[in-house]
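Please open the model in the viewer and keep the selection panel at hand.

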Amino acid sequence: MTPSIRELMLVVGNSLAGSIIAKVTIITALGLLAAWLARDNCAAVRHALLAAMFGVMFLLPAASLLMPPLHIGVPTVIPNSTTFLPFGLRADAEVSAATGSVATRAAGVTPSVSKISLSNLLLLGWAVGVVAFILPVIVGLWQIRLLRRSGLPWRGGRSVVDSLALSAGIRRRIEVLLHEKTPGPMMCGVANPAIVLPLDAETWNSEDLNRAIVHELEHVRRGDSASRCFARAICAVYWFHPLIWIAWRKLVLEAERACDDAVLARSEATAYADQLVDLAKRMSAAQGSPLLAMANRADLATRVRAVLNGRQRRGRAGKFSLVLACAAAVMLVLWLSPVTLIASPQQTQQTFEVASVKQNVSTSTSMKFPVPANGRFAVENIPLKVLILFAYGSGGDLSGAPGWVSSERYDVTAKAAKPDVARDDYALMLQALLVDRFRLSAHFEERELSGYTLMADKAGSKLVAASAPCAEPGAPRDPRNPDVVTCGTFFTGPASLDARKMSAPQFASTLSMVLAAPVIDKTGATGVYDIHLEFNPEGTNLNGRGVRALDTTADANNPDSDKPSIFTALQKQLGLRLEAAKVPTKVLVIDHVEKPTEN
């Protein structure tokens, strides 16, 4: 599967929009199935079922947001970076760090204009489609408004309409107009309905005129003008879904057939069929009709066959049918709205055997993040943001994450089924834990951010080759040598950074976390080194307040204000320098995350 297709599946499948699309598909399929099963019933019943279906689609987005979610896991593997975040801290080491700040809030570390993400492209395409498909509705309403304003009142037709309206149970005042641009009879208006007829309607025989008016009066009684506009607006929202348009055509056809049934209750079928054929000829010869006109020339052949079908049930929808359709709609909303599709690790995904996740409500800013070993993973007072970055190996920042991801801290204790766990496998198991407890779904996007390149100074690098002993990642700790730490491990103090047997790329990744900005290695150094760096933490992610400004200005209240900035310290102590640069970075975009479930 190509990355673009995989990203498309993640964006659509692991979001509220993806869940709603899936629900709409189910609802539309059920509505069309119900209409097909009711094919031997009257057209008014089928129309009621389809109208209820559009009502469910209208209520669904709001109900999905308001109702408590019911999660259904969808097997998904989110691609992870191949670079493992060097976040191993000694078991007894404590670091006072604030991870609430992000790189985008740091002066000089503002994301540049990056590539438009696939999710943004999809959103833009959807919005353009909505505008394109809602415009015909607006234009159609404007055309009908112009028709009503320029139509000629017909008193003779008004008397016919008044008498037929009473027999149909309509007590509203209905205007009757003649217009030269109307090829056939049409009803328009909701609050103040009107029937618009061609100019030659004055010459029609009484039977033809009565049939035409009865048909349009049935549209008035049923409120088809309002339901048609409403359903057409729903189609504009879901314009990309082919089933929606199939349902729309079916809804319009059943509305016309229901009104045809009203005509057949008081007229002979063959005579009305002849009139429909004549209407088809009129519409073929006409230059055009309003976009929201009820009659559709493409459906006239189907209507004629239905009119001549003597076995077809006819009549209005009974109260029982209407109540049943409304009840089914309410049940669908209550049943489907809480369902939310989320990413779920596949069965091949490694997981912890047991795990505990608890929110740390202390006011302390000290964090404990020991190196995972012997199948155990245990951290204290760690923001969820740090856990996510650790799990997905992202040296950059998160995008789309709510504020509590950075502010709320957690204690996590987990144990694998076997002690021999590779270092990178801890990250994979933590991914599964985050999906399970925090309902996390995310994807990577390649963006170009303002960051730094780590380079050797003109005078040359002062890096010292590693000499102190260290243990390989995942190796058990030797109780006789408690000071022997894992290779590549770093520890931070309030104003210092120490590393054991760390490569230059690992050190650049460590600086990415300290500066909350992407740093890439261009030193050319190929060995492993023991690194000790002392600096003023102001302007870094270790100052207790997060990244504020990446400059050399000292804080008068800072006890380490006499120390150099991290930039100066790198140059003088290690012979390295940081240069501002645009850095292509994989950014982890959060699609969905929730506060953790209880253990």
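How many bridges join β3 to strand β4? Select residues 175–179, which form β4: 2 bridges join this strand to β3, and the two run antiparallel. Here strands (E, at least two residues) and helices (H or I, at least four) are DSSP runs, numbered from the N terminus. Two strands are taken to pair if DSSP finds at least two bridges between them. Within this pairing, proline 153 has leucine 177 in β4 as its bridge partner.

Before continuing, please note that this is a predicted model, in which local features need pLDDT of at least 70 and side-chain atom pairs count only at pLDDT 80 or more, while totals for chains, interfaces and linings use all residues. Residues are numbered from 1 along each chain as its sequence is written, and side-chain values use heavy atoms, with hydrogens and water left out.

Next, select α6 (residues 206–222) and α9 (residues 269–285). The axes of these helices come within 11 Å and cross at roughly 80°; axes are lines fitted to C-alpha atoms, for helices over the stretch in contact, and angles run from 0 to 180 degrees between N-to-C directions. Helix α6 is therefore roughly perpendicular to α9, a term that covers angles of 65 to 115 degrees. Show the side chains of Asp208, Arg211, Ala212 and His215 on α6, and of Ala271, Tyr272 and Gln275 on α9, as these residues make the contact (heavy atoms within 4.5 Å). They divide into 3 nonpolar, 2 polar and 2 charged residues.

Now move to strand β12 (residues 409–415). Strand β8 (residues 354–360) pairs with β12 in the antiparallel sense over 7 bridges, and lysine 358 stands opposite aspartate 411 in β12. Strand β10 (residues 376–383) also runs antiparallel to β12, joined to it by 6 bridges. Isoleucine 382 has tyrosine 410 in β12 as its bridge partner.

Finally, display the whole protein chain. Its secondary structure comes to 16 helices and 21 strands. Of its 599 residues, 48% are buried, that is, under 20% relative accessible area with a 1.4 Å probe, protein chains only. Among contacts between residues at least 6 apart in sequence, 78% join residues at least 24 apart.

Notes. Angles under 35 degrees count as roughly parallel, over 145 as roughly antiparallel, 65 to 115 as roughly perpendicular and the rest as oblique. Ala, Val, Leu, Ile, Met, Phe, Trp, Tyr, Cys and Pro count as nonpolar, Asp, Glu, Lys and Arg as charged, and the others, Gly among them, as polar. Buried means under 20% relative accessible area, exposed over 50%, partly exposed in between (1.4 Å probe, protein chains only).
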